[in-house]
Amino acid sequence: MLSDIVEVLACPLCGADLTAADDALGCLAGHSFDIARHGYASLLPGDAHTGTADTQAMTDSRGAFLGAGHFAPVAEAVTDAVSRTVGEASGCVVDVGAGTGYYLAQVLDHLPGHTGLALDISKFAMRRAARAHPRMGAAVCDAWRTLPVRSGSAAAVLNIFAPRNAAEFQRILRPGGVLISVTPTAKHLQELIEPLGLLRVDEDKAQRLEDQLGSRFERVSSTGVEGVTTLSHEDVSAVASMGPSAWHTDGATLQVRISALEEPVEVTFSVTVGTYKVKAGDDSTPTAGS
Ligand SMILES: C[S@@+](CC[C@H](N)C(=O)[O-])C[C@H]1O[C@@H](n2cnc3c(N)ncnc32)[C@H](O)[C@@H]1O
Ligand SMILES: [Zn+2]
């Protein structure tokens with residue numbers, strides 16, 4: 001619940017601590033933010049651009065697909081990576097671009113002393129995340145702006161197929177905290193790419209990850225997670241509709257293409273789970289609001 005994680009929240013406008021009062025959160029400077037009746041906080045600045053937010057339909061597809069367990073080995077690898085490295089018996093795990101909260105909920109199941117904060121720009125995703133786990137709070141925010149999280153307050157940051165703001169990850173991590181990132185390899189969903197016209201994972205993905213994180217973080221370990229999952233047409237529709245390709249292909253065209261596939265379809269999932277720590281001696285931590 002939100003009340004479990006208010007102690008790590010900061011005002012997205014001025015960086016001051018947020019505290020809860022009735023159905024709102026506020027800071028000492030007088031900035032106030034609603035808590036939606038669905039249980040998540042709305043911490044988006046008024047001028048935010050929400051065009052990249054997952055829609056209700058994308059969120060429903062994501063909920064159905066992940067809930068069926070097709071990416072369970074990925075969740076296990078994320079949980080292992082956090083459990084191995086997080087150290088202290090308590091703290092907050094912050095998932096940036098958390099979607100429905102599927103991965104964070106599993107991490108929390110394995111860390112009974114920890115709380116979780118799901119952040120995403122999609123209110124539909126945060127509706128689900130707000131009830132994904134009893135120790136999880138959820139807030140709508142923009143990952144490209146100052147995160148609404150106090151400096152040095154996160155035991156771990158998760159970043160799974162989602163926007164990657166390295167400066168902010170560094171700022172919110174406590175000393176010794178870890179960043180766990182999940183990125184797809186070129187083989188991810190490869191059997192569906194041609195027939196459905198899905199977006200390809202760009203060849204330079206690994207290099208881009210290094211470029212984004214390399215100046216602030218060093219990689220501690222990296223694990224490949226790969227397997228084959230058997231999908232019905234309905235599953236294929238869900239996985240194609242929950243990701244970035246949903247922005248580029250209309251639903252009717254997608255359904256025609258899916259109906260031409262054999263059923264069931266064997267589909268590869270292939271991701272890299274990376275564990276990172278802030279580089280030793282890096283004192284470039286910006287202050288909140290900068
Ligand atoms: C591919 S989904 C991954 C969701 C989740 N991590 C998962 O793997 O199930 C990308 C997520 O990033 C969110 N997102 C897109 N732009 C964002 C932004 N500027 N700030 C925060 N979240 C954003 C979307 O709403 C979506 O939930
Ligand atoms: Zn404020």
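## Exercises on helix packing, a ligand site and backbone geometry

H3 passes H4 in a right-handed crossing. The structure is a predicted model, and each exercise below works from it.

**Exercise 1. Find the residues through which H3 and H4 make contact, and sort them by class.**

Solution. 
- Step 1. On the H3 side, take Ala72, Val74, Ala75, Val78, Thr79, Val82 and Ser83.
- Step 2. On the H4 side, take Tyr102, Tyr103, Gln106, Val107 and His110.
- Step 3. Sort them: eight are nonpolar, four are polar and none is charged.

**Exercise 2. Describe how H2 packs on H9, then list the contact residues.**

Solution. 
- Step 1. H2 spans residues 56–67. H2 and H9 pack at about 130°, with axes 8 Å apart.
- Step 2. That angle makes H2 oblique to H9.
- Step 3. The handedness here is left: H2 passes H9 in a left-handed crossing.
- Step 4. H2 contributes Met58, Ser61, Arg62, Phe65 and Leu66. H9 contributes Asp235, Ala238, Val239, Ser241 and Met242.
- Step 5. By class, the contact of H2 with H9 holds six nonpolar, two polar and two charged residues.

**Exercise 3. Work out the packing of H9 against H10.**

Solution. 
- Step 1. H9 is residues 233–242, and H10 is residues 251–259.
- Step 2. Their angle is about 140°, and their axes lie 10 Å apart.
- Step 3. Angles over 145 degrees count as roughly antiparallel. H9 and H10 are therefore oblique to each other.
- Step 4. H9 passes H10 in a right-handed crossing.
- Step 5. From H9, His233, Val236, Ser237, Ala240 and Ser241 take part. They meet Leu254, Gln255, Ile258 and Ser259 of H10.
- Step 6. This contact of H9 with H10 has four nonpolar, five polar and no charged residues.

**Exercise 4. How many residues surround ligand 1, and which are the closest?**

Solution. 
- Step 1. Count the surroundings: 19 residues.
- Step 2. The closest are Thr52, Gly97, Asp120, Ala143 and Ile160.
- Step 3. Turn to nitrogen atoms of the ligand. A polar side-chain atom of Thr52 lies 2.8 Å from a nitrogen atom of ligand 1.
- Step 4. Now the backbone. A polar backbone atom of Ala143 is 2.8 Å from a nitrogen atom of ligand 1. For Ile121, a backbone N or O atom lies 3.2 Å from a nitrogen atom of ligand 1.

How values were computed. Residues numbered from 1 in each chain as written. Chains lettered and ligands numbered in written order. Predicted model: local features only at pLDDT ≥ 70, side-chain atom pairs only at ≥ 80, totals over all residues. Heavy atoms only, no water. Axes fitted to C-alpha atoms, helices over the stretch in contact; angles between N-to-C directions. Helix = DSSP H or I, 4+ residues; strand = E, 2+ residues; numbered from the N terminus. Parallel < 35°, antiparallel > 145°, perpendicular 65-115°, else oblique. Left-handed = near helix turned anticlockwise from the far one by under 90°. Contact = heavy atoms within 4.5 Å. Nonpolar A, V, L, I, M, F, W, Y, C, P; charged D, E, K, R; others polar. Near = heavy atom within 4 Å. Polar contact = N/O pair within 3.5 Å; in protein donor to acceptor, adjacent residues only side chain to side chain.
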